[in-house]
Amino acid sequence: MNAVTDPWVRHPLAIALLEGLRHRPRAVAPKYFYDAAGSALFDRICELPEYYPTRTETALLAAHAHEMAECIGPAAELVEYGAGSLRKIRLLLAALQRPARYLPIDLSAEHLQWHAQQLAEDHRDLPVQPLVADFAADIVLPPMLPAARRRVGFFPGSSIGNFTPDEARAFLQRSARDLRGGGLLIGVDLVKDPALLHRAYNDDAGVTAAFNKNLLARANRELGANFDLDGFHHYAFYDPVAQRIEMHLVSARRQVVRLCGESFVFEQGETLHTEISCKYTVDGFRSLAHSAGWRPQAVWVDPQQLFSVHWLAAQS
Ligand code: AVJ
């Protein structure tokens, strides 16, 4: 039989990597971390002692779920951006009045399907409609259910930090349009002692390094590339001027990598930029949201001021 191989040239990861490797400085968007292995590694990051965001935000959601549910109101449709393992939504669901539907959006199709199934089994009356989509661009939401009163976004984890402030504003403008008449509950990591930030992205167990290198492992698995995972150093640092973490893979030596029939020379010390994670002050984020057409309302911050959760109201 004449077997036809995958149309790998049109593979989104192939397109992004080829373009990112031809460009200087070399860069690939962080959304490509999240295949099934990357999503599992990210779940392990969330459990690390150094990685405070997940723990802190989860505690805020647990402590203030009823106030948040009050903001969201009854019979809301919840749209979650970058739903991951669907853990945090459970805290809100426990406090919400008659949620009309839950629409988790994620790029990692298998991971999303599995966790959506688990959630649906635990919430028999809740319609769950997973969407495999990239919210970095326009998304098309299905029409609201007739029984729903409003549509509310949930964007936890400070994933908005993966966008530059300009890209974040563009996302907030698109979501303000998609969630017209509703609101957005969004988690935002705060500026803080750089040493604390540095530790959060340089854990002792090396899970963040493995997560970073999973991008290369993924290229090897899915695209037949030949990245040597030991030939690259995980390097993450906080830039206090730009108020962001930058994560890189730094070539340990001069090497040549083959990808989709093309050769790429990495000089010693040359980097592939894989992620930014922007941090905000509470006021800085509120004014960004305001400039994107939202009305910033309640904010919840932990006593150590590590993390913030914002309720933004949309125009009607
Ligand atoms: C999922 C984007 C919020 O920026 O902290 C964790 C991803 N990268 N450790 C973050 C991440 C390295 C995370 N976000």
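Start with the ligand: its shell holds seven nonpolar, six polar and one charged residues. The model is a predicted one. The shell counts 14 residues, and Tyr51, Gly157, Tyr201, Glu275 and Ser277 come nearest.

Tyrosine 201 places a polar side-chain atom 2.5 Å from an oxygen atom of the ligand. Glutamate 275 has a polar side-chain atom 2.6 Å from a ligand nitrogen atom. In serine 277, a side-chain N or O atom is 2.7 Å from an oxygen atom of the ligand. On its own, the ligand has 350 Å² of accessible area, and the protein covers 97% of that.

Where do the shell residues come from? Helix H2 (36-45), helix H8 (207-223) and strand E11 (271-278) each give two or more. Now think in domains. The ligand lies between domain 1 (7-33 + 198-278) and domain 2 (52-192 + 285-313), because both give residues to its shell.

Domain 2 runs to residue 313, and strand E13 covers residues 307-313. All seven residues of E13 are buried, so the rest of the structure largely encloses this strand. In a regular strand, side chains alternate between the two faces of the sheet. In E13, Phe307, Val309, Trp311 and Ala313 point one way, while Ser308, His310 and Leu312 point the other way.

E13 has partners. Strand E6 (residues 183-189) pairs with E13 in the antiparallel sense over seven bridges. There, leucine 184 stands opposite leucine 312. Strand E12 (residues 295-301) also pairs with E13 in the antiparallel sense, over five bridges. Tryptophan 300 stands opposite valine 309 in E13. The hairpin of E12 and E13 has five residues between the strands, and glutamine 305 takes a positive phi near 55°.

Conventions
Residues are numbered from 1 along each chain as its sequence is written. This is a predicted model: local features need pLDDT of at least 70, side-chain atom pairs count only at pLDDT 80 or more; totals for chains, interfaces and linings use all residues. Side-chain values use heavy atoms; hydrogens and water are left out. Buried means under 20% relative accessible area, exposed over 50%, partly exposed in between (1.4 Å probe, protein chains only). Helices (H or I, at least four residues) and strands (E, at least two) are DSSP runs, numbered from the N terminus. Two strands pair if DSSP finds at least two bridges between them. A residue is near a molecule or strand if one of its heavy atoms lies within 4 Å of it. A polar contact is a pair of N or O atoms within 3.5 Å; within protein, one must be able to donate a hydrogen and the other to accept it, and residues adjacent in sequence count only if both atoms are side-chain atoms. Accessible areas come from the Shrake-Rupley method with a 1.4 Å probe; for residues, only the protein chains shown count as cover. Ala, Val, Leu, Ile, Met, Phe, Trp, Tyr, Cys and Pro count as nonpolar, Asp, Glu, Lys and Arg as charged, and the others, Gly among them, as polar. Domain bounds come from an automatic or database domain assignment.
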